[in-house]
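Happy to walk through this one with you.

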Amino acid sequence: MVIRKKTIGFKGGFNLLDAYPLDFCNIIEDICSDGTPETFQFCMPDQKIEHVVVNLCPTEPWALPNWVILKHKITEFLTMLKAIKTSYFPEAKVSVAVNEKEARTVADAMNFAGKEDWICVYPLSAKYPQDDPVLLTKVILRMDINFGQATESSGVLILDAQTVSAIYESCVLGKNVASRFITLSGTGLKENEILNIQLGTSIEKILENKVREAIKSRVFVNGPLRGQEITGLSQKIDWSVNHIVVLEENDRKVLFPMVKADELKLTTNVLGELRRCVYCNFCDDICPVDLEPALYYHSYMRGEKHKARLYNLGKCIECGLCSFICPSKLELLEIIRECKAPDRQK
Ligand code: SF4
Ligand code: SF4
């Protein structure tokens with residue numbers, strides 16, 4: 001079955017793939033672990049799974065591109081998916097989200113799905129953060145899940161291409177999966193690369209001889225928007241690491257940044273540009289779930305975190321777009337997390 005569906009559920013967002021296209025070298029380097037090698041283990045969910053959603057529509061330019069896993073052979077991939085569904089989720093419906101701009105993938109997936117009754121294909125816009133679980137389940141399944149809630153508790157299992165491939169290798173074929181592909185990119189590096197990393201390898205080993213010399217840099221695991229900035233490099237690669245971004249640290253000030261939206265750069269100029277809110281409303285417009293981040297900021301600055309929580313703060317999916325777009329480089333996401341914190345401790 002083939003379904004065409006408009007992107008619904010959010011008005012904001014930002015097409016990072018168009019704004020910051022990244023090129024990766026086609027040659028994939030293998031890196032062996034400097035610690036105890038680990039293996040991929042897939043834990044079958046305890047809950048009954050009614051929907052399996054396979055996301056082939058990453059929305060971050062630094063995320064692992066689909067071609068690394070699919071090798072431009074979507075039919076073989078979907079055949080693999082069918083074997084997994086038959087063995088482990090026989091009653092589940094399978095939905096596959098594909099980037100509507102990848103014409104060949106969309107056409108081949110639709111051709112495959114046209115002959116099967118267990119799978120639906122959804123060509124989606126790759127506007128960030130369309131692939132967030134909250135938005136993906138809303139757009140594809142019309143289900144509301146809360147940010148931070150495990151989708152399995154609602155009977156939904158979300159998988160990416162690499163995890164599908166690993167489940168097939170380990171569970172269906174009984175092979176040992178001990179490595180994964182990740183991307184390494186950013187202004188702090190000599191080049192953008194795709195690596196095949198043994199699980200358990202430290203980030204320190206991965207970055208050896210890859211960071212540009214004589215610069216200060218910041219390292220983000222799973223990206224600068226919704227990933228985590230790390231200071232020590234001892235963290236080991238496990239299955240949750242999809243990409244590492246290294247950005248050169250700058251403190252350059254920009255004059256009148258609010259009138260230079262077309263010159264937005266992905267920088268770490270946080271300290272150099274920190275200034276007051278200029279009421280530009282960029283953050284309100286870009287928010288994918290229709291919140292008003294500036295309102296949270298002003299409540300926070302007045303010492304009224306409790307007031308911020310009156311305005312749907314719990315709906316924030318922590319995508320980081322508001323911090324990214326803010327010309328004053330206000331750390332809006334950090335402020336939002338602080339405003340949420342008392343609820344999290346309950
Ligand atoms: S981090 Fe939250 S408030 Fe900011 S843009 Fe994303 S969803 Fe909206
Ligand atoms: S918080 Fe930043 S993006 Fe939002 S209105 Fe103020 S200056 Fe503009």
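This is a predicted model: local features need pLDDT of at least 70, side-chain atom pairs count only at pLDDT 80 or more; totals for chains, interfaces and linings use all residues.

Q: Where is Lys 71 found, and what is its phi?
A: Lys 71 is found in the loop between α2 (67-70) and α3 (74-88). Lys 71 is not a glycine, yet its phi is positive, at about 50°.

Q: Ala 214 also has a positive phi; is Ala 214 buried or exposed?
A: Ala 214 lies in the loop between α7 (203-207) and β8. Its phi is about 60°, although Ala 214 is not a glycine. With 4 other C-beta atoms within 10 Å, Ala 214 is exposed.

Q: Which strands stand at the edges of the open sheet of six strands?
A: The order in this sheet is β1-β7-β6-β10-β8-β9, with mixed pairing. Each edge strand has a single partner strand, so one side of each is left without a neighbour in the sheet; these strands are β1 (29-31) and β9 (228-230).

Q: By what angle are neighbouring strands of the six-strand sheet turned against each other on average?
A: The six strands form an open sheet.

Q: Which residue in β9 stands opposite Val 219?
A: Strand β8 (residues 217-221) and β9 run antiparallel and are joined by three bridges. Opposite Val 219, the residue in β9 is Ile 230.

Q: Which are the edge strands of the open sheet of four strands?
A: This sheet has the order β4-β3-β2-β5, and its pairing is parallel. The edge strands pair on one side only, and they are β4 (119-124) and β5 (156-160).

Q: What is the handedness of the crossover from β3 to β4?
A: Strand β3 (residues 93-99) runs parallel to β4, and six bridges join the two. Among the partners, Ala 97 is bridged to Tyr 122 in β4. The chain passes from β3 to β4 through helix α4 (residues 103-113), and this β-α-β crossover is right-handed.

Q: How many of the six residues of β4 are buried?
A: A residue is buried if 20 or more other C-beta atoms lie within 10 Å of its own. Strand β4 is mostly covered, and its count of buried residues is five.

Q: At what angle does helix α6 run to β5?
A: Strand β2 (residues 51-56) and β5 run parallel, joined by five bridges, and Val 53 stands opposite Ile 158 in β5. Helix α6 (residues 161-172) lies across β2 and β5, and its angle to β5 is about 95°.

Q: Which residue does a cis peptide bond join to Tyr 128?
A: The residue is found in the loop between β4 and α5 (133-141). Omega of the bond is about 0°, and the partner of Tyr 128 is Pro 129.

Q: Which helix supplies the largest share of the shell around ligand 1?
A: Ligand 1 is surrounded by 15 residues, and the closest are Cys 287, Cys 316, Cys 319, Leu 321 and Cys 322. These 15 residues divide into 13 nonpolar, one polar and one charged. Both α12 (321-325) and α13 (332-345) supply at least two residues of the shell. The largest share, three residues, comes from α13.

Conventions
Residues are numbered from 1 along each chain as its sequence is written. Chains are lettered from A and ligands numbered from 1 in the order in which they are written. A residue is near a molecule or strand if its C-beta atom, placed from the backbone, lies within 6 Å of it. Ala, Val, Leu, Ile, Met, Phe, Trp, Tyr, Cys and Pro count as nonpolar, Asp, Glu, Lys and Arg as charged, and the others, Gly among them, as polar. Two strands pair if DSSP finds at least two bridges between them. Two residues are in contact if their C-beta atoms, placed from the backbone, lie within 7 Å. Axes are lines fitted to C-alpha atoms, for helices over the stretch in contact, and angles run from 0 to 180 degrees between N-to-C directions. A residue is buried if 20 or more other C-beta atoms lie within 10 Å of its own, exposed if 12 or fewer, and partly exposed in between; C-beta atoms are placed from the backbone. A crossover is right-handed if, with the strands pointing away from the viewer, the path from the first strand over the helix to the second runs clockwise.
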